[in-house]
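User: I would like to learn how to read packing, interfaces and backbone features in a model. Please take me through them one by one.

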Amino acid sequence: MTEYTLQAKNLKKRFASHEVLKDVSIKAKKGDVISILGASGSGKSTLLKCTNLLQYPNGGELYFHNEQIKFKLKNGLMVPVDNKQVLRIRSKLSMVFQQFNLWTHMTILENVMEAPVHVLKINKKDALERAHTYLDKVGILEKKDAYPAQLSGGQQQRVGIARALAMEPDILLFDEPTSALDPELVNEVLLVMRKLANEGRTMLVVTHEMNFAKEVSNYVIFLHNGLIEEEGNPQKLFNHPNSAKLNQFLNVMNKS
Amino acid sequence: MNFSIVIDNIPLLLDGLWVTLHLISLSLVLGFMLALPLALIRHFKVPVANQLIWGFTYFFRSTPLILQIYLIYYGTGQFSWIRDSWMWVILEKAYLCGLIAFTLNTAAYTTEIFRNALDTMRKNEIEAAIAFGMSTWKAYTRIVIPNSLRRSIPPYSNEVIFLLHSSSIASAITITELTGAARYLYSKYYDPFTPFLAVSLVYLVIVFLLTYIFKLLERRFLSYLSINHESTKKLGDFGNP
Ligand SMILES: Nc1ncnc2c1ncn2[C@@H]1O[C@H](COP(=O)(O)OP(=O)(O)O)[C@@H](O)[C@H]1O
Ligand SMILES: [Mg+2]
């Protein structure tokens, strides 16, 4: 049996009567870099948040390293049965957020050490070493004593990536990591992400950066109307899209 | 103006100052300790307890402090079951009644200050805490509460100064704090101006020091919170002609 780092089967998610995910399945093997495309409001963030249970889905199955997450149905919502299981799995899926979501009352160093120390319970000395390693990797070590508000968006997002890496997770989830950035700051973040992909890290990337999706990912998913409209390898998807919707989406994206 | 009144009675005034300072610092510490759990109960809307605490803060924030003090000092003496109980040992003592009134009063205001800060915590940061595998308890103790306490510093500094000023009401139930000492000198020498002016200057100096301390705390703990950067923009910062 193939081991999937992360697998979601037939996910359904609705907000009140609004069906955001109708039936979405994704799977990521070790080393996969999967780009998720789709218009704004197509459910990309919701899909990511269902995989780490920031949102509870209304239906479907979730597996982490082929271990099924146990749910019980409660008022139509799938609520996890085993809280410990959820916390353990979340600590192995690290998320990078569109708005960075850094902890504003902590320095950069404290941001990166926080979860390793208080979630993984590794000792402070090792966490400090980790924090240095990953801040250095994203090229922002010299700002370690600054506070998030003192950094540019691009710098904050690199800290967000270092914070995610410091958990030494099995999979990285990126939710439009460059969408909140001024255009001139986008590249510094994309460069870091390319480096991570080249290291063979497993990544799920929601993005509007078509070049990144085309050049870096080995699989692309196009979400439309709560369903996967088309998926496959990037060469095929970008050069010969089957679906008219994807074609239209790519035309719009290429113009901007 | 007769400064010898002040100079001759420095020990009395210092005693008054001492009573003021430990009355308010003790009520602030106790009020703070009460306020944090109460604010969390309000924030989490724990059924029943939330409504009770709402009633408590509503009462203490919408009635005059002097009535609250009278109620605790005189009012409780009306009930024989209180007079006959162990509580009477506490309640008959003016200082303790004042302390209880001030503690409950500041607890009420501080509860609402903290609750407001907790309710307005940026959802982004909680989302990140949960995404990294923190339990709700961890997310609150590590992220939400520390952040909210920092954002409470400016309104809380107002509360501290408010309580300092209110402490002069304690003289109404025979506690000889700073204002009470000045009132005593007035009745003794029939000179209201000198003692009240002297005591005003003392309040002024205390408020000045408190303001300074809170400014330092703000600079140390608050200045870099991005929310604060936004909210402290002056009209001139917008390039308005
Ligand atoms: N917490 C929520 N409550 C209600 N509606 C939501 C919530 N989160 C997302 N939605 C709705 O679900 C749809 C998909 O949202 P989202 O997953 O954020 O889209 P995307 O990330 O692709 O832009 C949108 O219409 C959005 O308004
Ligand atoms: Mg989104």
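User: What percentage of the residues in chain B is buried?

Analyst: This is a predicted model. Of the 241 residues in chain B, 46% are buried. The C-alpha atoms of chain B fill a box of roughly 70 × 60 × 30 Å along the principal axes.

User: How many helices and strands does chain B have?

Analyst: Chain B has 13 helices and 0 strands. Among its contacts with a separation of 6 or more, 77% are between residues 24 or more positions apart.

User: How should I describe two packed helices?

Analyst: Two packed helices are described by the angle between their axes and the distance between those axes. Take α3 (residues 49-62) and α7 (residues 94-119) of chain B: they pack at an angle of about 115 degrees, with their axes 8 Å apart. The crossing of α3(B) past α7(B) is left-handed.

User: Which residues make the contact between α3(B) and α7(B)?

Analyst: On α3(B) they are Ile53(B), Phe56(B), Thr57(B), Phe60(B) and Arg61(B). The α7(B) side consists of Leu104(B), Asn105(B), Ala107(B), Ala108(B), Tyr109(B), Thr111(B) and Glu112(B). By class, the contact of α3(B) with α7(B) has 7 nonpolar, 3 polar and 2 charged residues.

User: At what angle do α11(B) and α12(B) cross?

Analyst: They cross at roughly 165 degrees, and their axes come within 9 Å. Angles over 145 degrees count as roughly antiparallel, so α11(B) is roughly antiparallel to α12(B). α11(B) passes α12(B) in a right-handed crossing. From α11(B), the residues involved are Leu178(B), Thr179(B), Ala182(B), Arg183(B), Leu185(B) and Tyr186(B), and they meet Pro195(B), Phe196(B), Val199(B), Val202(B) and Tyr203(B) of α12(B). The contact of α11(B) with α12(B) divides into 9 nonpolar, 1 polar and 1 charged residue.

User: Which residues does Tyr186(B) touch, not counting those up to four places away in sequence?

Analyst: Tyr186(B), which lies in α11 (residues 178-189) of chain B, touches Asp191(B), Pro192(B), Pro195(B) and Phe196(B) on that count. Phe196(B) is 10 residues from Tyr186(B) in sequence, and their C-alpha atoms are 8.1 Å apart. Tyr186(B) has 36% relative accessibility, so it counts as partly exposed.

User: How is α2(B) oriented to α12(B), oblique or roughly parallel?

Analyst: The axes of α2 (residues 10-43) and α12 (residues 193-221) of chain B come within 12 Å and cross at roughly 40 degrees. α2(B) and α12(B) are therefore oblique to each other. α2(B) passes α12(B) in a right-handed crossing. Leu13(B), Leu17(B), Thr20(B) and Leu21(B) of α2(B) make the contact with Val199(B), Val202(B), Tyr203(B) and Ile206(B) of α12(B). That contact of α2(B) with α12(B) has 7 nonpolar, 1 polar and no charged residues.

User: How many residues of chain B are in contact with chain A?

Analyst: 23 residues of chain B are in contact with 27 residues of chain A. The area buried between the two chains is about 2,200 Å², and carbon and sulfur atoms give 61% of it. On the chain B side, Ala131(B), Phe132(B) and Tyr224(B) lose the most area to chain A, together 33% of what that side buries.

User: Which residues of α8(B) are buried, and what do they pack against?

Analyst: In α8 (residues 123-131) of chain B, the buried residues are Glu125(B), Ile126(B), Glu127(B), Ala128(B), Ala129(B) and Ala131(B). They pack against α1 (44-51), α2 (83-90), β8 (93-96) and α5 (153-165) of chain A, together with α9 (136-151) of chain B. Gly133(B) follows α8(B) and has a positive phi, near 95 degrees.

User: Where do Phe100(A) and Tyr190(B) lie, and is each buried or exposed?

Analyst: Phe100(A) lies in the loop between β8 and α3 (108-118) of chain A. Its relative accessibility is 9%, so Phe100(A) counts as buried. Tyr190(B) lies in the loop between α11 and α12 of chain B. At 70% relative accessibility, Tyr190(B) counts as exposed.

Notes. Residues are numbered from 1 along each chain as its sequence is written. Chains are lettered from A and ligands numbered from 1 in the order in which they are written. This is a predicted model: local features need pLDDT of at least 70, side-chain atom pairs count only at pLDDT 80 or more; totals for chains, interfaces and linings use all residues. Side-chain values use heavy atoms; hydrogens and water are left out. Axes are lines fitted to C-alpha atoms, for helices over the stretch in contact, and angles run from 0 to 180 degrees between N-to-C directions. Helices (H or I, at least four residues) and strands (E, at least two) are DSSP runs, numbered from the N terminus. Angles under 35 degrees count as roughly parallel, over 145 as roughly antiparallel, 65 to 115 as roughly perpendicular and the rest as oblique. A crossing is left-handed if the near helix is turned anticlockwise from the far one by less than a right angle, and right-handed if clockwise. Contact means heavy atoms within 4.5 Å. Ala, Val, Leu, Ile, Met, Phe, Trp, Tyr, Cys and Pro count as nonpolar, Asp, Glu, Lys and Arg as charged, and the others, Gly among them, as polar. Buried means under 20% relative accessible area, exposed over 50%, partly exposed in between (1.4 Å probe, protein chains only). Buried area is the accessible area (1.4 Å probe) that two parts lose on being put together, summed over both.
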